[in-house]
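Okay, thanks for coming, everyone. Let me put it up on the screen.

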Amino acid sequence: MSSILQVIEKMKLNVWKIDDVPESYSSDVYRLTLISGEHVYVKIPYNRDKLHREFQILETLKGVIPVPQVMDIWYGDESISGALLLTAISGVPCTADMDDKLSFQIGMYHARLHEVNMQQYGYHTTEGFKPLEQNDWRLHIQHNFDKWKEPCKEILAQTLYEKCIRYFDHAFSALPEPDGPVVVHMDFRPGNILVNGNEVAGIIDFESARAGSTEIEFTKMNRYIWEVNPHMKSAYLEGYRTIRPMIDLERIIPFYDFYDAFSAVVWCKNRGIEQNKEFLQESIRTLQKVTAY
């Protein structure tokens with residue numbers, strides 16, 4: 001709580017009430033009610049790179065899709081990584097239960113996000129935009145996987161770990177050519193899609209967004225929405241295709257389901273296995289499922 005009080009002081013906010021925002025897994029997010037009655041959000045990112053990344057992407061997406069507006073930014077000090085003051089979007093997180101109209105809209109807004117072209121693959125940091133080595137998306141994916149091997153080896157059962165290594169080698173080489181570079185969200189899931197009834201109110205949480213390939217974007221939609229309610233996929237795809245063509249999801253999703261889960265094992269190790277036990281088990285189940293074939 002001391003960090004949010006420090007941010008409030010730095011931003012000279014007149015606050016009546018402070019509420020925690022649940023299910024904010026990486027950064028600390030607070031909903032503030034100001035003395036004026038206005039609601040705003042303060043986001044204190046996990047590190048300074050995420051602060052710069054979210055700020056730059058939100059500025060880029062102004063007028064493209066409904067996103068929070070940045071009212072103020074504080075670049076932090078020795079103890080805090082900084083903070084964003086964001087406008088409140090009137091809506092609630094989406095659930096897996098949605099009608100065709102909402103699915104269509106989500107697909108359309110996701111495609112509009114992917115229509116924002118970038119000059120190079122890469123991401124924003126405190127030092128500016130950092131392009132990927134050789135501007136090569138697949139080389140980036142390969143390097144990430146190689147980096148995650150050792151920490152995953154410490155967590156996964158040996159048999160599963162060996163299956164993961166074999167699966168990557170086989171599935172990675174079979175991927176089609178990547179598209180991009182375009183803006184990708186990197187965590188496009190129901191909790192980051194705010195809705196009012198059957199209308200999309202806004203998209204939030206761009207701290208991991210970057211210039212990438214759209215092939216990385218559909219894993220969580222598939223896992224948390226389409227696998228729960230398969231009929232929702234067709235309306236989403238219809239909405240997406242009103243803006244841009246869809247890539248070959250059947251060839252892409254299994255690999256990125258695996259890649260995302262392998263990455264999540266490392267995330268749980270770094271952030272604390274006990275605190276993230278449920279997420280770790282979910283990720284291990286995904287790896288078992290994908291590598292079983």
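Let me start with a question: is Glu59 buried, partly exposed or exposed? Glu59 counts as partly exposed, because its relative accessibility is 29%. For the cut-offs, buried means under 20% relative accessible area, exposed means over 50%, and partly exposed is in between, with a 1.4 Å probe and protein chains only. The areas themselves come from the Shrake-Rupley method with a 1.4 Å probe, and for residues only the protein chains shown count as cover.

Quick housekeeping. This is a predicted model, so local features need pLDDT of at least 70 and side-chain atom pairs count only at pLDDT 80 or more, while totals for chains, interfaces and linings use all residues. Numbering runs from 1 along each chain as its sequence is written, and side-chain values use heavy atoms, with hydrogens and water left out.

Now, salt bridges. The definition here is a side-chain nitrogen of Lys or Arg within 4 Å of a carboxyl oxygen of Asp or Glu. Searching the whole structure turns up 21 of them. Glu59 is in one, with Lys62, at 3.3 Å from N to O.

Next, Arg244 and Glu115: their closest N and O atoms are 3.0 Å apart. This pair links distant parts of the chain, 129 residues apart, with Arg244 in the loop between H7 and H8 and Glu115 in the loop between H3 and strand E7 (122-125). Helices here are DSSP runs of H or I with at least four residues, strands are runs of E with at least two, and both are numbered from the N terminus. Arg244 counts as buried, at 12% relative accessibility, whereas Glu115 is partly exposed at 40%.

Then there's Lys289 with Glu227, again a salt bridge, at 3.3 Å from N to O. Lys289 sits in helix H9 and Glu227 in the loop between H6 and H7, so the pair ties together parts 62 residues apart in sequence. Lys289 is partly exposed at 40%, and Glu227 is partly exposed at 41%. There's also a network: salt bridges with shared partners join Asp187, Arg189, Lys220, Arg223, Asp257, Asp260 and Glu282.

On to helix H6. Why do I call H6, residues 219-226, largely enclosed by the rest of the structure? Because seven of its eight residues are buried. Those are Thr219, Lys220, Met221, Asn222, Arg223, Ile225 and Trp226. They pack against H3, strand E10 (193-196), helix H7 (232-241), helix H8 (249-271) and H9.

Staying with H9, which covers residues 277-291, Thr286 is found there. Thr286 counts as buried, with 10% relative accessibility. Setting aside neighbours within four places in sequence, Thr286 is in contact (heavy atoms within 4.5 Å) with Arg223, Asp257 and Ala261.

Last stop, the surface. Which residues gather in a patch of negative charge there? Asp97, Asp99, Asp100 and Glu238. Patch residues have over 30% relative accessible area and no salt bridge, with like charges joined within 9 Å and nonpolar side chains (Val, Leu, Ile, Met, Phe, Trp, Tyr) within 5 Å. Asp and Glu count as negative and Lys and Arg as positive, with His and the chain ends not counted; each charge is placed at NZ of Lys, CZ of Arg, CG of Asp or CD of Glu. Asp97 is in the loop between strand E6 (92-93) and helix H3 (100-114), and counts as exposed at 64%.

That's my tour, so over to you.
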